[in-house]
Amino acid sequence: MATMRPGAYLARRRAAAGFTTPEELARRMGVSTLAIRRASEFEFAQLGARLRLAETDRQPLAPNQIRLVARFVPFAPDIYEQLVVLDRAARHGWRFAHGNIEPQLCRVCACSWHDACVTDAGACAWAEADLCTACAPAEFDPLLVHLAASRAAQRGSVAA
Ligand SMILES: [Zn+2]
Ligand SMILES: [Zn+2]
């Protein structure tokens, strides 16, 4: 499976949080009651544009921006940073001594071991190595889902 680029990871997690566009997420941050300093419409428009740059892999988010976004979108900052490094490595042909280890992500919603989807049946599991049970077709046999999940666990595919 192809490595998910950091922008795609961000976009999928943003969508999973219910925001249709990066601008919509920025607007939500703007009306937040959390401890974020009041900012002008213009500043939040800039934030939307910045998020869009990151989602299209033109400029990855800086660490402080990653932490800010993580307060509104359920994503794992360490996974995002890992994908940024892998993306850079892929473009430059770098091979790391320990291997270019990829995090396990759902190809649809980009949930991971760190942030499972919350469904009526509880947390999601792995239906396939890169597909979670929340995103797998509804007709998917629950027993197979269970088996796939326990196989994934046995592989010791602990949070890379
Ligand atoms: Zn999923
Ligand atoms: Zn999931």
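This is a predicted model: local features need pLDDT of at least 70, side-chain atom pairs count only at pLDDT 80 or more; totals for chains, interfaces and linings use all residues.

Visitor: At what angle do helix α2 and helix α3 pack, and what does that make α2 relative to α3?

Guide: α2 (residues 22-30) and α3 (residues 41-55) have axes 8 Å apart and pack at about 140 degrees. Axes are lines fitted to C-alpha atoms over the stretch in contact, with angles from 0 to 180 degrees between N-to-C directions; helices are DSSP runs of H or I, at least four residues, numbered from the N terminus. Under 35 degrees is roughly parallel, over 145 roughly antiparallel, 65 to 115 roughly perpendicular and the rest oblique, so α2 is oblique to α3.

Visitor: Which residues in α2 are buried, and which helices do they pack against?

Guide: Buried means 20 or more other C-beta atoms within 10 Å of the residue's own, C-beta atoms being placed from the backbone. Pro22, Leu25, Ala26 and Met29 qualify in α2. Down the α2 axis they fall within an arc of 100 degrees (taken from the directions from axis to C-beta atoms), so they line one face of the helix. Their packing partners are α1 (6-16) and α3.

Visitor: What pattern does the protein chain follow along the sequence?

Guide: The chain has 6 helices and 4 strands, strands being DSSP E runs of at least two residues. In order, that reads α-α-α-α-α-β-β-β-β-α.

Definitions and conventions: Residues are numbered from 1 along each chain as its sequence is written. Chains are lettered from A and ligands numbered from 1 in the order in which they are written. A residue is buried if 20 or more other C-beta atoms lie within 10 Å of its own, exposed if 12 or fewer, and partly exposed in between; C-beta atoms are placed from the backbone. Two residues are in contact if their C-beta atoms, placed from the backbone, lie within 7 Å.
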